[in-house]
Amino acid sequence: MEKLIVHGGAPLRGRVNISGSKNSSLPILAATLLTRDTCTIRRVPDLSDTNYMVRILGELGAEVERASGVVVVKAEKIKSVAPYDLVRKMRASICVLGPLTGRLRKCTVSLPGGCVIGDRPVDLHLKGLEALGAEIQVDGGDIRVNAPKKSFKGASLNLMGKHGSTVLGTDNVMMAAVLAKGTTVIEGAAAEPEVEDLVNFLIKMGAKIEGAGTHRVIIEGVKELHGAEHTVIPDRIEAGTFLCAGAMIGEGITIRRVIPEHLQAVTEALKKCGFVLEIGKESISIAPNPTAKGFDLTTLCYPGFPTDMQAQFCALACIINDVSTITETIFPQRFMHVAEMKRMGADIDLQGATARIRGGAKLKGAPVMASDLRASAALVLAGLVAEGRTEVNRLYHIDRGYEHLDEKLAALGAELERVRD
Ligand code: UD1
């Protein structure tokens, strides 16, 4: 197993290019199963999650070629079963459920299971497919879908759950509905930019969809989809993570190849703390501010403050000489990083789903355990400012979602090395 050794205190400066979005790439790659034709997806980040999705497509029978960020898929004939062995390693594998239902109408996809950030149910995905006329049985850990042609039809449905709208649930229902006869209206749809990116790809494939990026998506089913080419949007969470790094240490960094509008909740939060940002057309610059003020943030669905940035803002709060709070409403248990940051000397009090961080005290390097993707990134951020050596174990969590994070940080001046246990 690999770990990352971070020698804290090295100033960051310079520019960094942001990669394509992981959370866009995964459903877009799954959507290539909706056609027999060739699809070309560009700017796919080199991550273990995208590699895993490429493997799933291959195991389902698609021909897949991958070379430096470009994935070409031809899913002429596909299998209808995605067994547990294939899906268990990545929760997002569930996004093959919609395309398999849409194209084959009969499929079996194993339930991927929970993870440390919560039990992560898929009830809303299933509710949406049932509304389209699919019969669903959950049996022995498998989701069995049967959507006979005569009952598989467009419908009006609502995907709003008790923690807000569901991103992959919206993706799955849209990917099934594009091939269902008639009109589907999804109320309470997720409005995240990654959902909009998937819709843009589906439209290029011949789908008829309106309302992407809003909570009401209308789909007019078509008989079949054709091949298409698409370039994935920039990763707003990777971008936000680098903005935190730039705010925490050094002389200022610029993130490039981003869509600043997608980062508005994050840049507004940083500005409110007193950080000065220079926002260009496709770039954002930021530098530390020793007199920055604390923040009170609550995670919400887009365009609110993203849950995927909560852990990194906990790390940021540690260097702000003030009290900050952050409340998690999407995944209320997503605070695994708190105990690890406390081992580095962070003063964080966790009450229910709210973390209260008293920043300003110098963090000290320590061996820490990465628990999930974003928590791991937050520990690396804490390591960048800590005194001495921080050892971030279970580096594979970071490799799931950050393309060459250690190399990008090193190019900005960070002192870190990847080592084998
Ligand atoms: C996606 C993102 C993930 C992000 C999350 C929330 C991908 C690959 N992953 O995950 O990085 O943190 O959105 O922005 O895009 N829920 C239900 N029933 C369901 C589905 C979800 O109750 O059927 C709940 C979840 O437990 C959670 C909330 O709804 O509380 C939002 O989850 P959801 O948007 O579905 O997360 P993912 O799509 O899995």
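Trainee: How many residues of helix α10 are buried?
Mentor: Start with the term: buried means under 20% relative accessible area, exposed means over 50%, and partly exposed lies in between (1.4 Å probe, protein chains only). Helices (H or I, at least four residues) and strands (E, at least two) are DSSP runs, numbered from the N terminus. In α10, residues 310-319, nine of the 10 residues are buried, so the helix is largely enclosed by the rest of the structure. Among them are Phe313, Cys314 and Leu316.

Trainee: What kind of model is this?
Mentor: It is a predicted model, where local features need pLDDT of at least 70 and side-chain atom pairs count only at pLDDT 80 or more, while totals for chains, interfaces and linings use all residues. Residues are numbered from 1 along each chain as its sequence is written, and side-chain values use heavy atoms, with hydrogens and water left out.

Trainee: Is Cys314 buried or exposed?
Mentor: Cys314 counts as buried, because its relative accessibility is 0%. This residue sits in helix α10.

Trainee: Which residues is Cys314 in contact with?
Mentor: Contact means heavy atoms within 4.5 Å. Leaving aside neighbours within four places in sequence, Cys314 touches Ile326, His337, Met341, Ala355 and Ile357.

Trainee: And Asn23, which residues is that one in contact with?
Mentor: Use the same exclusion of neighbours within four places in sequence: Asn23 is in contact with Glu194 and Asp308. Asn23 belongs to helix α1, residues 22-31. With a relative accessible area of 28%, Asn23 is partly exposed.

Trainee: How many salt bridges are there?
Mentor: A salt bridge is a side-chain nitrogen of Lys or Arg within 4 Å of a carboxyl oxygen of Asp or Glu. By this rule the count is 20.

Trainee: Where do Arg42 and Glu229 lie?
Mentor: Their side chains meet in a salt bridge, 2.8 Å from N to O. Arg42 lies in strand β3 (residues 38-42) and Glu229 in strand β14, so the pair ties together parts that are 187 residues apart in sequence. Arg42 is partly exposed at 33% relative accessibility, and Glu229 is partly exposed at 47%.

Trainee: What is phi in His404, positive or negative?
Mentor: Most residues other than glycine have a negative phi, and most peptide bonds are trans. His404 has a positive phi, near 50°. His404 lies in the loop between α13 (396-401) and α14 (405-411). Arg257 has a positive phi of about 60°, although it is not a glycine. Arg257 is in the loop between β15 (252-256) and α9 (264-273).

Trainee: Which peptide bond is cis?
Mentor: A cis peptide bond joins Tyr302 and Pro303, with omega about 10°. Pro303 is in the loop between β18 (296-298) and α10.
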